[in-house]
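User: I would like to learn how to read a ligand site and a salt bridge. Can we work through an example?

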Amino acid sequence: MRYITTRSNDKSYSLREAAFAGLAPDGGLFMPAVIPAADLDEVRERAASSFADMAEYLAGLFFEGDLSKEQLRDVTRTAFDFPVPLKHIGGDLYTLELFHGPTAAFKDFGAGFMGRTLGLLRSDSQRLTILTATSGDTGSAVAHGFHDTEGIDVVILYPDGKISDLQESQMTTLGGNIHALRVDGTFDDCQRMVKEVFADTAFRAEHNVTSANSINLLRWIPQSFYYFYGWTLWQAAGGDEAPEIVVPSGNYGNLSAGMLARRMGLPIKRFVAASNANDVIPEWLRTGDYRPRPSVLTVANAMDVGAPSNYERMMSMTGGNIEAIRREIVGWASSDDEIRTGIRELYDRWGYISDPHSTAGYLAAKHHGVRGFWLSTASPAKFGEVIEPVLGIAPSIPERLARLLDRPKISSPIPPASPRLKEFIASI
Ligand SMILES: *Cc1c(COP(=O)(O)O)cnc(C)c1O
């Protein structure tokens with residue numbers, strides 16, 4: 001499989017080139033040169049055996065020439081060794097829970113796959129630095145996906161004081177090859193610093209710096225897999241041929257991976273882009289004007305993105321035609337108050353405890369009367385700070401997360417300036 005970019009198909013790239021570059025040299029995002037077609041009978045059969053088995057088949061459609069059969073099997077078995085249940089909440093309400101992985105958020109799918117695959121694509125003599133900006137969940141998933149990978153250092157930037165205690169613990173308690181930096185600024189500052197370092201090609205080459213953000217192909221492509229799995233479960237539950245799928249969104253890596261699945265032949269009626277007050281995409285779908293702007297802080301902070309990178313992939317897959325886009329995606333934004341009310345409603349009516357991000361999905365599903373399901377992107381356990389004041393009870397914390405809270409947090413403070421980030425990278 002060769003890869004092109006969202007801005008040009010004049011030149012194509014190998015998986016290695018695309019995976020190590022992260023962002024394409026022309027400033028665009030990498031895309032498969034040809035989107036492979038999935039055999040849905042095969043998908044159904046494999047999914048009935050396990051998520052990992054199905055993922056091995058789908059990953060093979062992209063990566064067969066780059067990884068051996070044994071490697072594909074090994075990567076998918078180890079990256080996807082947790083359950084992915086479709087929960088019936090009540091009435092027409094269903095949600096696909098994507099938060100049963102090691103860090104209890106859907107980003108485990110992409111990060112776990114990328115960590116293991118990059119370890120295999122790296123040549124033995126090459127030392128790599130993975131640089132990533134996080135608004136909460138990316139950092140912890142990447143930290144766990146890459147922890148103890150031979151020859152790879154991970155540098156994680158997060159906005160100081162703007163992520164939850166548990167999220168911070170997940171990034172700052174692993175140590176070893178995982179280096180956490182707390183930035184005196186916003187998530188957009190973190191993203192900009194990372195972009196500026198990536199723009200310095202000489203520095204990058206010298207220190208072998210690459211990204212693990214959701215824009216990286218190795219994180220983006222595996223996020224298409226659970227759409228297939230959710231579809232098989234939805235059909236098994238008696239659902240229509242083509243469900244509507246609601247995606248709680250921030251940087252739109254998740255939703256655009258769903259669009260990829262659809263182009264591989266998966267029957268999805270349409271997507272609902274569920275946002276918080278950072279409603280750049282719902283507004284664009286409504287008015288036709290795309291107006292990126294600084295993010296605002298909300299109770300669903302992993303979706304606090306004001307300039308979503310994957311807008312380019314959405315444009316590239318649809319040819320940028322707004323009418324075509326509107327047939328495929330509708331939007332809905334929820335305020336903090338609405339999200340809190342939604343948390344209350346899910347609990348009072350159905351006894352279901354939902355995190356703020358997934359609750360934005362529920363609210364969008366309710367608004368549009370969706371026949372299908374919303375994706376639950378994080379465990380409520382990670383957002384006790386939001387949930388407890390609303391419900392008066394704390395969500396229970398799975399044992400694998402509780403252990404982290406007792407460990408000392410280790411991170412270094414840094415101003416929102418890329419020269420300081422370069423100094424840090426050079427010092428590792
Ligand atoms: C990252 C994240 C999102 C947003 O996903 P995107 O791919 O950036 O749109 C939603 N919910 C949670 C819990 C997340 O961690």
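User: Which of the 15 residues around the ligand come nearest?

Analyst: Bear in mind that this model is predicted. A residue counts as near a molecule if one of its heavy atoms lies within 4 Å of it. Here Lys107, Asp137, Gly250, Tyr252 and Thr377 come nearest, out of the 15 residues around the ligand.

User: What kinds of residue make up the shell around the ligand?

Analyst: Sort the shell by residue class. Six residues are nonpolar, seven are polar and two are charged.

User: Which atom of Thr377 lies 2.8 Å from a nitrogen atom of the ligand?

Analyst: An N or O atom in the side chain of Thr377 is at that distance from the ligand nitrogen. With Gly250, a backbone N or O atom is 2.8 Å from a ligand oxygen atom. Tyr252 also uses a polar backbone atom, 2.8 Å from an oxygen atom of the ligand.

User: How much of the ligand does the protein bury?

Analyst: Start from the area of the ligand taken alone, which is 380 Å². The protein buries 98% of that.

User: Where does the ligand sit?

Analyst: The ligand is found in the largest pocket.

User: How many salt bridges are there?

Analyst: To count one, look for a side-chain nitrogen of Lys or Arg within 4 Å of a carboxyl oxygen of Asp or Glu. By this rule there are 27 salt bridges. One of them joins the side chains of Asp189 and Arg192, at 3.2 Å from N to O.

User: Where do Asp189 and Arg192 lie?

Analyst: Both belong to helix α8, residues 187-199. They are three residues apart, about one turn of the helix.

Terms used: Residues are numbered from 1 along each chain as its sequence is written. This is a predicted model: local features need pLDDT of at least 70, side-chain atom pairs count only at pLDDT 80 or more; totals for chains, interfaces and linings use all residues. Side-chain values use heavy atoms; hydrogens and water are left out. A polar contact is a pair of N or O atoms within 3.5 Å; within protein, one must be able to donate a hydrogen and the other to accept it, and residues adjacent in sequence count only if both atoms are side-chain atoms. Accessible areas come from the Shrake-Rupley method with a 1.4 Å probe; for residues, only the protein chains shown count as cover. On a 1 Å grid over the protein atoms alone, a cavity is a set of points where a 1.4 Å probe fits but cannot get out, and a pocket is an open set with protein on both sides within 12 Å along at least five of seven lines; lining residues have an atom within 4 Å of a point. A molecule sits in a cavity or pocket if more than half of its atoms lie within 2 Å of its grid points. Ala, Val, Leu, Ile, Met, Phe, Trp, Tyr, Cys and Pro count as nonpolar, Asp, Glu, Lys and Arg as charged, and the others, Gly among them, as polar. Helices (H or I, at least four residues) and strands (E, at least two) are DSSP runs, numbered from the N terminus.
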